[in-house]
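This report concerns charged side-chain pairs and strand pairing. Please consult the sequence and the structure below alongside the text.

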Amino acid sequence: MKIALSFLGLVLSLAGASLTHAMAAEPIPSPKPIFFATGSTSGTAGGRVLRGERNLYSLKATAGQTMTVTITTPDDNAVFQIYEPGTTSGRDTDGTLEFHGNALRGATAGEDTTRWSGHLPKSGTYLIVVGGTRGNARYSMDVKIE
């Protein structure tokens, strides 16, 4: 009986260790910088974003410039948000990626933005967050600064 109880204790201990490991927060992804070719005012980024995850991009710009961002997908299932310089990211208690900063009007969470154009309010590094609206999403994103 002692052997059975010891074995049960070992199993429960290992299960607890596995659960603790599974609950460990995923690292916060670093934004991929978007660079333009010399003399160009536009660039393209893209790839795949898995369901429930976000791809992050950063882009330096100056206050007053006009930025245009357009995302295209074969399945019409990717959207983006744009955040002002100074935005930080972290994870909430459920491990979901969250952003602390101001999103640009017309490109905020929940607006399902696929195209945005406007004058930039601040100089600095802008954050573009891409996510899927349903399932995994393949996308191409064009960014232009004038």
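Predicted model: local features only at pLDDT ≥ 70, side-chain atom pairs only at ≥ 80, totals over all residues.

## Salt bridges

The structure contains two salt bridges. One of them joins the side chains of Glu84 and Lys122, with an N to O distance of 3.2 Å. Glu84 sits in the loop between strand 5 (78–83) and strand 6 (88–91), while Lys122 sits in the loop between strand 8 (115–119) and strand 9 (124–132), so this pair ties together parts that are 38 residues apart in sequence. Glu84 has a relative accessibility of 12% and therefore counts as buried, the cut-off being under 20%. Lys122, at 36% relative accessibility, is partly exposed.

A salt bridge also links the side chains of Glu146 and Lys144, at 3.5 Å from N to O. Here Glu146 is exposed, because its relative accessibility of 53% lies over the 50% limit. Lys144 has a relative accessible area of 34% and is partly exposed.

Four strands form an open sheet in the order 2-10-4-8, and their pairing is antiparallel. Strand 2 (42–49) and strand 8 are the edge strands, each pairing on one side only. With direction ignored, neighbouring strands of this sheet are turned by 15° against each other on average.

## Pairing of strands 4 and 10

Within the order 2-10-4-8, strand 4 (residues 66–72) and strand 10 (residues 137–145) are joined by six bridges in the antiparallel sense. Val69 is positioned opposite Val143 of strand 10.

Methods
Residues numbered from 1 in each chain as written. Heavy atoms only, no water. Salt bridge = Lys/Arg side-chain N within 4 Å of Asp/Glu carboxyl O. Helix = DSSP H or I, 4+ residues; strand = E, 2+ residues; numbered from the N terminus. Buried < 20%, exposed > 50% of the residue type's maximum accessible area, 1.4 Å probe, protein only. Pairing = 2+ DSSP bridges. Axes fitted to C-alpha atoms, helices over the stretch in contact; angles between N-to-C directions.
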